[in-house]
Amino acid sequence: MPLTSPRRSALADQVISQLRAQITSGEWPVGSRIPTEPELVEQLGVARNTVREAVRALAHNGLLDIRQGSGTYVLATSELAGVMHRRFAGADPGHVVELRIALETTAARLAAERRTEQDLRQLDAQLDRRERAWVAGDPGAFVEADTTLHMAIVAASHNDVLAELYADLGAVVRAFLRADLDTRMGPETYVDHGRLVTAIREGDGERAAAEAAIHPLGCRFRDR
C-alpha cells in the first residue's frame with residue numbers, strides 16, 4: 001500500500017498563521033517566551049491539541065524552541081532563519097566573524113551612500129538604546145540593542161536582498177553575542193559604534209566600511 005501524506009487540519013493551519021504573524025511582526029521578539037498553552041487556548045478559542053500541533057509545527061520549522069519546564073521561546077523570525085540557526089549553531093566563531101565583516105562592511109558602505117534622514121534618526125535611536133543597555137549592565141538587552149543597530153545599518157543600505165539575508169542571520173549573531181557576553185561586560189570590552197554612525201551620516205563610505213570591519217573583531221570569537 002503506498003504511503004500518503006497526512007493532512008493537517010485547516011484549523012491548525014489558521015492557528016499556525018496567527019502565531020507566525022505574531023513572530024514575524026515582532027510582537028513576539030526573538031528570545032521572548034510566548035504565551036503558555038492554556039493562555040493560547042483561551043486567546044484563540046481552540047482546543048489544546050490544535051494549539052499543541054501548531055506550536056510543534058513552528059518548532060519543527062525553526063521558529064520556536066520548546067524548552068521542557070521553562071516554556072516556548074521565539075528562536076527566529078522566518079523558516080530560513082530557523083534553518084540557519086540550526087545549521088550554524090556549532091560553527092567556528094571565527095567564521096561567523098568573517099561573514100559578519102563581509103556583510104556589514106558592504107552594508108555600511110552602501111548606507112553611507114543611500115541613507116535618508118529617517119534612516120539617520122533610526123540609527124541615532126538604536127545607538128542610544130545600545131549605549132543605555134551597556135551602562136545598565138544587561139547582557140540580554142544589550143545583545144538585542146546591538147543586533148537591532150546593525151540591522152538598522154543594513155536597512156539603510158536599501159538593498160532588500162542584503163537586508164533579508166542579514167535578518168535571517170540574526171538568530172546566529174545573537175546566539176554568539178549572548179555567549180560572549182555571559183561573563184564580559186566591562187569598560188575594557190565595550191566597542192563604541194558612534195564613529196560608524198557618524199561616518200554613515202557624513203556619507204563617507206570608505207570610513208564607514210572600515211569602522212564596520214573592526215567591530216566584529218571586538219568580540220573574543222577570534223581567540224577561541
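## Overall make-up

How many helices and strands does the secondary structure of the protein come to? The secondary structure comes to 11 helices and 2 strands, where helices (H or I, at least four residues) and strands (E, at least two) are DSSP runs, numbered from the N terminus. This is a predicted model, in which local features need pLDDT of at least 70 and side-chain atom pairs count only at pLDDT 80 or more, while totals for chains, interfaces and linings use all residues. Residues are numbered from 1 along each chain as its sequence is written, and side-chain values use heavy atoms, with hydrogens and water left out.

Read from the N terminus on, the elements follow the order α-α-α-β-β-α-α-α-α-α-α-α-α. Of the 224 residues of the protein, 42% count as buried; buried means under 20% relative accessible area, exposed means over 50%, and partly exposed lies in between (1.4 Å probe, protein chains only). Among the contacts with a separation of 6 or more, 71% come from residues 24 or more positions apart, a contact being heavy atoms within 4.5 Å.

## The strand hairpin

Strand S1 (residues 64-67) and strand S2 pair in the antiparallel sense over 4 bridges, and two strands are said to pair if DSSP finds at least two bridges between them. Within this pairing, Ile66 has Thr72 of S2 as its bridge partner, and Arg67 stands opposite Gly71 in S2. S1 and S2 form a hairpin with 3 residues between them, and Gly69 in the turn has a positive phi of about 85°.

## Pockets

Rolling a probe the size of a water molecule over the atoms shows where empty space is left. The search uses a 1 Å grid over the protein atoms alone: a cavity is a set of points where a 1.4 Å probe fits but cannot get out, a pocket is an open set with protein on both sides within 12 Å along at least five of seven lines, and lining residues have an atom within 4 Å of a point. Grid points are joined across faces, edges and corners, and a volume is the space filled by probe spheres set on the points.

The largest pocket has a volume of about 310 Å³ and is lined by 13 residues, of which Gly26, Val30, Thr77, Met151 and Arg174 lie nearest its centre. Helix H1 (10-24) and helix H7 are the elements that give two or more residues to this lining, and H7 gives the most, with 3 residues. The lining of the largest pocket divides into 5 nonpolar, 5 polar and 3 charged residues, where Ala, Val, Leu, Ile, Met, Phe, Trp, Tyr, Cys and Pro count as nonpolar, Asp, Glu, Lys and Arg as charged, and the others, Gly among them, as polar.

The second largest pocket has a volume of about 200 Å³, and the residues that line it include Ile66, Gly71 and Thr72. Helix H2 (37-44), helix H3 (48-60) and strand S2 (71-74) each supply at least two residues of this lining, to which H3 gives the most, with 4 residues. By class, the lining of the second largest pocket has 6 nonpolar, 3 polar and 3 charged residues.

## Cavities

By the rule given above, the count comes to 2 cavities of 30 Å³ or more. The second largest cavity has a volume of about 30 Å³ and is lined by Glu104, Ala108, His150, Ile153, Leu196 and Ala212. Helix H5 (93-114) and H7 each supply at least two residues of the lining of this cavity.

## Two residues in helices

Thr147 is found in helix H7 (residues 139-155) and is classed as buried because its relative accessible area is 1%. The side chain of Thr147 reaches the backbone oxygen of Val143 at 2.8 Å. If residues up to four places away in sequence are not counted, Thr147 touches Arg174 and Leu177; Arg174 is also one of the residues that lie nearest the centre of the largest pocket.

Glu98 lies in helix H5 and counts as exposed because its relative accessibility is 53%. The C-alpha atoms of Glu98 and Ala213 are separated by 9.1 Å, and the two residues are 115 residues apart along the chain.

Definitions and conventions
Polar contact = N/O pair within 3.5 Å; in protein donor to acceptor, adjacent residues only side chain to side chain.
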